[in-house]
Amino acid sequence: MKIRLFTPGPVEIPQRILRALSQVPPHHRTDVFRDTLRRVVDELRWLHGTHGEVFLLSASGTGAMEAAVVNLMSPSSKALVPSAGKFGDRWTSILKAYGVPHEVISFEWGTAIDPSAVERALDKDRAIEAVFTTHSETSTGAVHDLEAIARITRPRNVRLVVDGITSVGVHPLPQDAWGVDVVVCGSQKGLMIPPGIGTLSLAPWAAGAIEGDKLPRFYWDLRRARKSAPLGETPFTPPVSLVLALEESLKMMREEGLDQVHDRHRRLALAMRAGSRALGFKLFSSSPAHSVTSLIPPEGVDASAVVKRLRDVHGMYVAGGQDHLKGKIFRVGHMGAYDLADIHALLGALEKCVAALGAPAGKAAGAARAMSAASLAWQEA
């Protein structure tokens, strides 16, 4: 049985990138690799939409999040965390681990962060120096109005630090144009390669933010990375094969065009929503993202059972709900090199799952009608 990934990461790896991964890797302290690393970092600036620095880290996205915290914050500085999901809460966990004073604004999971609440919090407490938030919340399939939040933070000279792990390469996120100080990303989502690379982009006006007395840092010390960058090196051993894969991924996005990449993800999300609704599923998020679609099964069907049957019977992997959403929702990822045919294949499998798991008869369309709904949404997008 062919295994297919529709998880919110890792995503399926295109053949071109698999071939790049199969190359014999050069030593990381050679001119061949130095030239490659320089090219990759230059292209990451394009992808992140910044003229500032991009740091490539041997880490998951969470490592890049921690690097952002320790390089921007001091023990006496205060942060604000607007959160509406598990990965918004992760910022809180990292700040708490380092003893950084912080305030949390919590929103219902599945809803969008209200920018006006951020504005009120900043006006109330002028000691807040940085806002840590997410753009695309992977745990709920919701997207937040980051541009509106940046319009609030930038004039106040408050740092805006964004988890763009399921946004970069999926949603438009032009860092400099929107006024975002820091964006972090992970390699196994929109970048289409295996886990192991974290990126952190620093807007030009935020270049000095990592200098001076901050939290304890050694491996995550971006000042070391800044010194190594002109040499085409990283301060510690980089994931060489993943860098080769990332170079190919960035080539693929260049060839398609970044606007077209973003538009394809938008159309995929619309197709997935339309097709799943035809099968009797409901959307969980009131502000649905283009990266992940979170679905509530028809009445009488357990979400965990759908996840298990898709995996065991159809070889398709999706993700269940997290924390209090376990058994209530499941999450379909469509980041990377997916197309409408992939959505059709998943909808066909979902229709069989719904029937096998005892959804009330007559409540859902057949697979053909679901695929037709998806195709119509794709064409009309």
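**Notes on the predicted model**

1. Met-192 is buried, at a relative accessible area of 4% (buried is under 20% relative accessible area, exposed over 50%, partly exposed in between, with a 1.4 Å probe and protein chains only). Its phi is near 70°, positive although the residue is not glycine. You'll find Met-192 in the loop between strand 9 (182-186) and strand 10 (197-202); helices (H or I, at least four residues) and strands (E, at least two) are DSSP runs numbered from the N terminus.

2. A word on provenance: this is a predicted model, where local features need pLDDT of at least 70 and side-chain atom pairs count only at pLDDT 80 or more, while totals for chains, interfaces and linings use all residues. Residues are numbered from 1 along each chain as its sequence is written, and side-chain values use heavy atoms, leaving out hydrogens and water.

3. Asn-157 also has a positive phi, near 60°, but this residue is exposed, with a relative accessible area of 59%. It lies in the loop between helix 6 (146-153) and strand 8 (159-163).

4. Worth a look too: the Gly-9 to Pro-10 peptide bond is cis, with omega near -5°. Pro-10 belongs to the loop between strand 1 (4-5) and helix 1 (15-21). Most peptide bonds are trans.

5. Helix 3 (residues 61-72) has 10 of its 12 residues buried, so the rest of the structure largely encloses it. Among the buried ones are Met-65, Val-69 and Leu-72.
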